[in-house]
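This report describes one protein, from its overall make-up down to single residues. Please keep the sequence and the 3D view at hand while reading.

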Amino acid sequence: HYKGAAKGKTQRPGVKVKVDLATKKKVLIAGSDAMKIFYTKHYKDKYPAIMNGAVLSGIWVMKQIRLLKFNLTGKI
């Protein structure tokens with residue numbers, strides 16, 4: 001497992017990874033969904049509903065911006 005390999009990136013010099021656009025999009029969506037799951041699991045019960053709504057809304061907005069950027073450029 002190389003960090004960034006699923007995105008078509010890697011931190012290891014000389015290693016080239018080819019990833020199709022469908023896989024890149026799935027990785028983008030999974031990453032945003034993972035943030036939501038992490039926040040809900042670890043922080044939801046520690047903060048009031050208004051704060052949870054703000055954080056989860058922010059994650060949703062970030063996901064939409066990333067998807068828009070991806071759809072326009074094909075890059076993550």
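## A residue in the loop

At 40% relative accessibility, Tyr47 counts as partly exposed; buried means under 20% relative accessible area, exposed over 50%, and partly exposed in between, with a 1.4 Å probe and protein chains only. Tyr47 is placed in the loop between α1 and α2, and α2 covers residues 49-73. Helices (H or I, at least four residues) and strands (E, at least two) are DSSP runs, numbered from the N terminus.

Tyr47 also belongs to a nonpolar surface patch of about 530 Å², together with Phe38, Tyr43, Ile50 and Met51. Patches are made of residues with over 30% relative accessible area and no salt bridge; like charges are joined within 9 Å, and nonpolar side chains (Val, Leu, Ile, Met, Phe, Trp, Tyr) within 5 Å.

## The model and its totals

The model is predicted: local features need pLDDT of at least 70 and side-chain atom pairs count only at pLDDT 80 or more, while totals for chains, interfaces and linings use all residues. Residues are numbered from 1 along each chain as its sequence is written, and side-chain values use heavy atoms, with hydrogens and water left out.

The protein has two helices and zero strands. Of its 76 residues, 14% are buried. Its accessible surface comes to about 6,100 Å², and 63% of that belongs to carbon and sulfur atoms. Accessible areas come from the Shrake-Rupley method with a 1.4 Å probe; for residues, only the protein chains shown count as cover. Among contacts between residues at least 6 apart in sequence, 45% join residues at least 24 apart; contact means heavy atoms within 4.5 Å.

## Helix α1

At 1.5 Å a residue, the 22 residues of α1 should span 32 Å, and the end C-alpha atoms of α1 are 32 Å apart, which agrees. The expected span of a helix is 1.5 Å times one less than its number of residues. The buried residues of α1 are Lys24, Leu28, Ser32 and Tyr39. They cover an arc of only 75° around the axis, so they lie on the same side of α1. The arc is that of the directions from the helix axis to the C-beta atoms. On the other side of α1, Lys26, Ile37 and Lys41 are exposed. The cover over the buried residues of α1 includes α2.

Ser32 is one of the residues of helix α1, and its relative accessibility of 1% counts as buried. Leaving aside neighbours within four places in sequence, Ser32 is in contact with Ile59, Met62, Lys63 and Arg66. Thr40 also has its place in α1, which runs over residues 21-42. Thr40 is partly exposed, with a relative accessible area of 33%. The C-alpha atoms of Thr40 and Val55 are separated by 9.8 Å, and these two residues are 15 residues apart along the chain.

## Helix α2

For α2, 25 residues at 1.5 Å each should span 36 Å; the end C-alpha atoms of α2 are 36 Å apart, which agrees. Asn52, Ile59, Lys63, Leu67 and Phe70 are buried in α2, and the buried residues of α2 pack against α1. After α2 comes Gly74, whose phi is positive, near 80°.

Asn52 is found in helix α2 and is buried, with a relative accessible area of 9%. Which residues does Asn52 contact, leaving aside its neighbours within four places in sequence? They are Tyr39, Tyr43, Lys44 and Tyr47. Gly58, also in helix α2, counts as partly exposed at 36% relative accessibility. Gly58 and Lys36 are 22 residues apart along the chain, and their C-alpha atoms are separated by 9.9 Å.

## The salt bridge

How many salt bridges does a search of the whole structure find? The search finds one. A salt bridge is a side-chain nitrogen of Lys or Arg within 4 Å of a carboxyl oxygen of Asp or Glu. Here Lys63 pairs with Asp33 in a salt bridge, and the closest N and O atoms are 2.9 Å apart. Lys63 lies in helix α2 and Asp33 in helix α1, so the pair ties together parts that are 30 residues apart in sequence.

The two partners can also be described by their accessibility. Lys63, at 17% relative accessibility, counts as buried, whereas Asp33, at 30%, counts as partly exposed.
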